[in-house]
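Hi there,

Here is the structure I promised to pass on to you. Please open it beside this email, and then read on for what turned up.

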Amino acid sequence: MNGQALLEIRELGKRFGGFAAIDGVDLAVAPGTIHSVIGPNGAGKTTFFRLLTGILRPTRGTIMFGGRDITGLRPYAVTRRGLTQSFQITNVFPRMTALESVQIAILARRKRSWDFASLYQRKVTGEAIELLDQVGLGAQATAEARTLSHGDQRILEVTLALATQPRLLLLDEPTAGMSPFETDRMVELVTNLARARHLTVLLSEHDMDVVFGISDEVTVLHQGHVIARGSPDEVQSDDHVIDVYLGVEA
Amino acid sequence: MTLDNDIITFLSAMTEASSLFVAAAGLTLVFGAMRIINLAHGSFYMYGAFLVTAIVGAAGGGRFWLALALAPLAVAGIGTVVELTVLRRVYRRDHLVQLVVTYALFLILADLALRFWGTQARSVAPPSLLSGSVSIGSSSFPVYDLFAIGAAVVVGLALWVLLQHTALGWRIRAAVEDPEMLATSGTNVPLLSTTVLAIGALLAGLAGALASPLQSISPGLDASIIVQAFIVAVIGGLGSVTGAAIGAVIISLFDTAGVLWAHSWEPAFIYLAMIVVLALRPWGLLGAPER
Amino acid sequence: MMLSTTGSTAPPDSPLLDEVRSTSAATEPRRPRTRVAVRFGGLAALVAVLALMPSTLSATSLLNVQSAIGLALFACATNLLVGYGGLVSFGQAAFYGIGAYTIALMWLHWQTSFWVGFIAAPVVGAAAALLVGLVALRTRRLYFALLTLAFSQLFYVIVLQQTGFTGGANGVFGAILPSFLVDPNHAYYFTLAVAVLALLALWKITRSPFGMTLRAIRENRERAEALGVNVFAHQLMAFVLAGLFCALAGTLFVVHDQSANPDLLAWTESGIPIFMSVIGGMYLFLGPALGALIYEQGRDVVLASFSDWQLAFGVMLLVIVLFAPQGVLGLLAGGRDAVWRRWRTLRR
């Protein structure tokens, strides 16, 4: 790791009643890297992401982003600081076109969602189309989101997150339910964009090929805490990790 | 002497509560089991009351008991027809659609009521067995009101038995609390839906029938009772019959207190109560938070 | 390939960019310039027709059209919340009534001129909407509808009971209107002018970035929030705007009726603009206006020949909601689109 971590999590914890879904997680993500979080089902990955984006409030611990404390901020404020999530379940605006969807993200970023004059649309349209072209959805700009294919919707989903120009992109199982072709396309998209925009990526995944193929660093969660962390090679050969995965999936 | 007055006041409040409870129980049960908000529930209530006047009027005097038995059944029949033809189509649709559809039913039923029974207010005298008053200390209290309170208690107990100790009741509770389990249990869900709505309509009709000697029956009764039933159901928790009972008692006590102490602001109190509950704890006293 | 990192943009005059740039983001499908022009021409013609009504209609018919225009504003303002915002408010009658009562009570107690009351009414309506919205918008969906219904009834009951201040069940009536507006033609033109300007403003709002953000919130609230939109604040603004325009519609009621009465605030009145929106079409801007026209005119037609207006209206609502959820205007628009497509294929 070089320099200061972009995202620094210390002693993060979340209890639901008597159950500790997250129990003392420390994590640091270096800027410009791709960092994966893996673990068996129920390890707490989804809860962890929800704590980062502000949908849930932690019961203890701190989240520092870019040197500033973002613990407990509301989701829209977290996004404003530069941490955006793309969702596991495709989470788009069904009856709005791809173009409009991207425009919304851009308008929000520029704090123009309070604008009551419609002239501003023109400027935003160009930027939105440019982004859609970059991800390969240019031809479907005027199609309603709900009419797009599953793979295209997932790409749109990631595009929306990108349109907020995040410093750190959170991807929750980006290749879930995808065919090998779509998976490759998504992986290529993520890595290319990450490199081109100096984006830091934190992702959770089940597809181990993807994880070990593109990650700079991997963290393994199990029952709410970290059991291993390091480069893909280190983690792959870690005995505890192998036990946990084999034990759960046996 | 003031103790007697207090007792009378309390009993009057309980009479009001009993009416509200039976009216709200059906509404809350239907919402809990089927997630449908039925604005026409007040119409069922009104039909129950009007049918009693019709049966009693036609037969003259002593047919109150017959009316009390027949009117709710007739209303249950109307409810069944409504469910089979209209409500069935809107279970999966959003609440706006359900509100519009049940409001349309409310309009249609209101109009038909005008046709059947005209615009004149009607009244019904209690049966001779239940007429007159009982002395409590130095004051008196109408016998019928006591009957109404007792009837509400019986209804409450009957519902409790139904829900806790019968197969149907188990299914209804499953529909309220754990719809997934119900879906996999092999239950005939459409039949259950019709049954629950019929029960809801029956309760509404019964509430109207029981209340008929206590008030003047006229068009507009449907609109006023639906709001009150909603308030009670919301405060108690949509889906909870016990909650409806508690809500009914709370509201009627509030109402009575309001009448005594701040007369001109009194009707506003219950709406304020509803607002406070909805704003702070929308699932009411005994409802479940995810609703 | 598509993943060029240098970022390829479509050439400056590609058909895609051209088509998209000629229209601002909208709920309706994309249309080229000529159709937009036709549409605006059609609307201008409609306004012209309405402007000619005083010379062609009888006094009672004119009053009916005037009433329909006022209700059209009420319905379109409500639809900002219901159709565009996805917020089913069953309490807009509260602001409608507040608008009417602001003028009426200022005249009754402080002999304020109508014009001052007319300016005050939307402000009071907006303020009331702010207070109600702060409470109501903390809840969602069903509970929001019930909460707004409760507020509507609360205001109704207060106005009804505070007889000393509000005149109670009798309402307020008298020489509220200035002599200028007593003339039926003046009253009509005034109503038309106010409604057209207000609807233009509303329309602008729906087409603006704010309007688009509101629709995004309707489509997927969590996603909008996750993209950086302060959902609560936007919804509150929409609620305040709706309250403002509903109150304005309330002032038009006073112009029409020269009175204010408590029934304006009841929950049954709150349902009316919603049903107009449903019947006319919630997802097109003028759908509710068409719904208002159908409601007003339909009521007269039905009442003339057979007295069961409620029955007819109820059946109409059922039929539309169950079989044609896009509303009458939606049906017409669908029909028109089909005709347009045929026209275009024929021209080739």
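Let's start with a term you will need: a residue is buried if 20 or more other C-beta atoms lie within 10 Å of its own, exposed if 12 or fewer, and partly exposed in between, with C-beta atoms placed from the backbone. This is a predicted model, in which local features need pLDDT of at least 70 and side-chain atom pairs count only at pLDDT 80 or more, while totals for chains, interfaces and linings use all residues. Residues are numbered from 1 along each chain as its sequence is written, and chains are lettered from A and ligands numbered from 1 in the order in which they are written.

First, confidence in chain A. pLDDT is the predictor's confidence in each residue, from 0 to 100. Chain A has a mean pLDDT of 83, with 94% of its residues at 70 or more. Helices (H or I, at least four residues) and strands (E, at least two) are DSSP runs, numbered from the N terminus.

Next, look at the sheet in chain A. Six strands make an open, mixed sheet in the order β6-β7-β8-β3-β9-β10. Its edge strands, β6 (83–86) and β10 (225–230), each pair on one side only; two strands pair if DSSP finds at least two bridges between them.

Strand β9 (residues 217–222) of chain A runs antiparallel to β10(A), with five bridges joining them. Across that pairing, A:Val218 is opposite A:Gly230 and A:Thr219 is opposite A:Arg229. With β3 (residues 34–38) of chain A, β9(A) pairs in the parallel sense over four bridges, and A:Ile38 has A:Val220 as its bridge partner. Is β9(A) mostly covered or uncovered? It is mostly covered, as six of its six residues are buried. A:Glu217, A:Thr219 and A:Leu221 point one way from the strand, and A:Val218, A:Val220 and A:His222 the other way.

Finally, turn to chains B and C. Their contact takes 32 residues from chain B and 33 residues from chain C, where two residues are in contact if their C-beta atoms, placed from the backbone, lie within 7 Å. On the chain B side, α4(B) gives the most, with 14 residues.

Enjoy exploring!
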